[in-house]
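Thank you all for coming.

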Amino acid sequence: IGAGQAGGQAIASLRQMGYKKEIMLFGDEPHLPYQRPFLSKQYLSEEDEEGRVFLRAEKFYADQNITLRIGELVTAIVPSEKKISTEQGELIDYNDLIIATGSRPRRLNISGSDLVGIQYLRTLDDVNAIKPRIQNGKKMVIVGGGYIGLEVASVAVSAGMDVTIIETEDRILKRVTTPEMSKFYHQLHTDRGVKIILQSGVVGFKSNGDSTSLGYVLCNDQTLEADIAIVGIGIIPNTELAQEAQLDCKDGITTDKHCLTSNPSIYAIGDCSNHPNPILNRRLRLESVPNAMDQAKVAASNIMGKEKTYSAVPWFWSDQYELKLQMVGFSTDSNSQVVRGDKTQQQYAIFYLKDNHLVAVDAVNSARDFMAGRKFYGQEMDPIKLADSETDIADSVITH
Ligand code: FAD
């Protein structure tokens with residue numbers, strides 16, 4: 001259930017691993033499985049063919065004998081009968097079920113929040129509605145200074161829009177990185193002309209009487225003109241189906257290390273899953289492509305009887321302007337940090353250490369540092385050598 005990144009990968013992996021039984025993939029969006037990262041990056045900025053965002057061409061599903069039930073909402077799971085039901089009232093049997101329902105944007109419920117020109121960015125249809133509104137000289141207000149807001153800001157300001165970001169916290173990217181990295185990205189955006197208002201909240205929207213654009217965004221301390229507002233204030237995992245089927249859920253659908261839910265025939269993968277991470281030694285709910293892909297492969301392996309465990313250090317990336325930010329691990333786990341490379345050249349990385357052991361890296365335009373972060377994760381490092389970009393990172397690793 002769910003024809004997104006995780007569901008699309010799971011069915012492909014099953015066939016690759018030799019699964020011979022019937023496979024059905026249900027997705028309520030009217031599209032083939034596609035990759036969301038493009039939506040706030042290349043696809044938003046370019047006169048791009050829609051085709052590039054799809055995980056696989058339609059032919060793949062026919063060739064692999066996978067029944068695509070696109071545009072069909074699954075309305076219930078009945079674990080006791082091993083059946084699901086669809087919006088059309090059809091009941092379908094399953095041997096194994098994978099829930100890959102993803103997540104949905106957290107919505108603002110304030111005055112005027114259903115006016116024209118207020119957009120969320122989760123789906124291909126969302127971005128197709130936003131694209132024609134990216135126009136030179138028009139005004140965009142972005143609610144939320146997280147990845148999505150910042151990626152949209154970089155596209156919109158580069159297209160000549162007047163862009164303002166409103167953020168309730170005291171810095172952008174607060175949920176995902178350190179004050180140092182937030183400061184770097186704050187400077188980057190303001191240098192390009194984006195206005196960033198911190199510690200301010202949106203309390204309402206008001207029309208200017210023009211049915212084609214928004215009008216005003218009302219903040220607690222000021223009113224901003226806006227032709228369009230993009231709201232990117234986080235997501236909520238789609239757990240309702242699982243909850244109604246009495247599966248254990250807590251900030252996502254609870255799974256074990258095999259991506260298995262509290263029911264032995266039902267797996268949950270991707271954004272909707274809350275899973276144990278044996279490397280980080282705690283439970284996580286992640287919102288990332290690598291997590292969706294890896295869990296899809298683990299669930300498929302387990303359905304094939306291979307007893308595979310999900311165990312990966314989380315990583316993520318974000319493209320803003322000509323900069324690629326690649327992150328591995330969680331900087332919040334650290335108690336010291338080492339800067340490597342030249343920040344002024346916009347090519348550097350912050351290595352985060354806990355008692356000198358590497359726990360995270362944020363790398364800006366520096367794939368080599370990011371790769372090293374993945375490779376040496378958990379290793380004890382010599383901070384002096386690590387800070388010297390002339391020294392090979394491998395030489396910073398302390399072996400006892
Ligand atoms: P989704 O891809 O959301 O797929 C779930 C699908 O299930 C959806 O189509 C949903 O409509 C459908 N569904 C839900 N309920 C039902 C139901 N009852 N019946 C039928 N279908 C249902 N991650 C990165 O790692 N790097 C990035 O740069 C990055 N950029 C992103 C940019 C944007 C704009 C967005 C929105 C996300 C981005 N992400 C990025 C996050 C990443 O795309 C998600 O983590 C990933 O898509 C999760 O995959 P999923 O399959 O769990 O969920």
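Which residues line the largest cavity? They are S288, P290, N291, D294, Y310, A312, V313, P314 and W315, where a cavity is a set of points on a 1 Å grid over the protein atoms alone at which a 1.4 Å probe fits but cannot get out, and lining residues have an atom within 4 Å of a point. Before I go on, this is a predicted model, in which local features need pLDDT of at least 70 and side-chain atom pairs count only at pLDDT 80 or more, while totals for chains, interfaces and linings use all residues. Residues are numbered from 1 along each chain as its sequence is written, and side-chain values use heavy atoms, with hydrogens and water left out.

Helix α8 (residues 289-303) supplies the largest share of that cavity lining, 3 residues, with helices being DSSP runs of H or I of at least four residues, numbered from the N terminus.

Let me turn to the packing. The largest nonpolar core has 90 residues, of which M140, V163, M181, Y185 and I269 touch the most other members; such a core is a set of buried (under 20% relative accessible area, 1.4 Å probe, protein chains only) Ala, Val, Leu, Ile, Met, Phe, Trp, Tyr and Cys residues joined through side-chain atoms within 4.5 Å. The most to this core comes from helix α5 (residues 147-158), which gives 7 residues. Apart from it lies another core, of 17 residues, including F26, I92, L241 and I253.

Leaving aside residues up to four places away in sequence, M140 has contacts (heavy atoms within 4.5 Å) with residues including V152, A156, V163 and I230.

Conventions
Buried < 20%, exposed > 50% of the residue type's maximum accessible area, 1.4 Å probe, protein only. Helix = DSSP H or I, 4+ residues; strand = E, 2+ residues; numbered from the N terminus. 1 Å grid on protein atoms, 1.4 Å probe; cavity = no way out; pocket = protein on both sides within 12 Å on 5 of 7 lines; lining within 4 Å.
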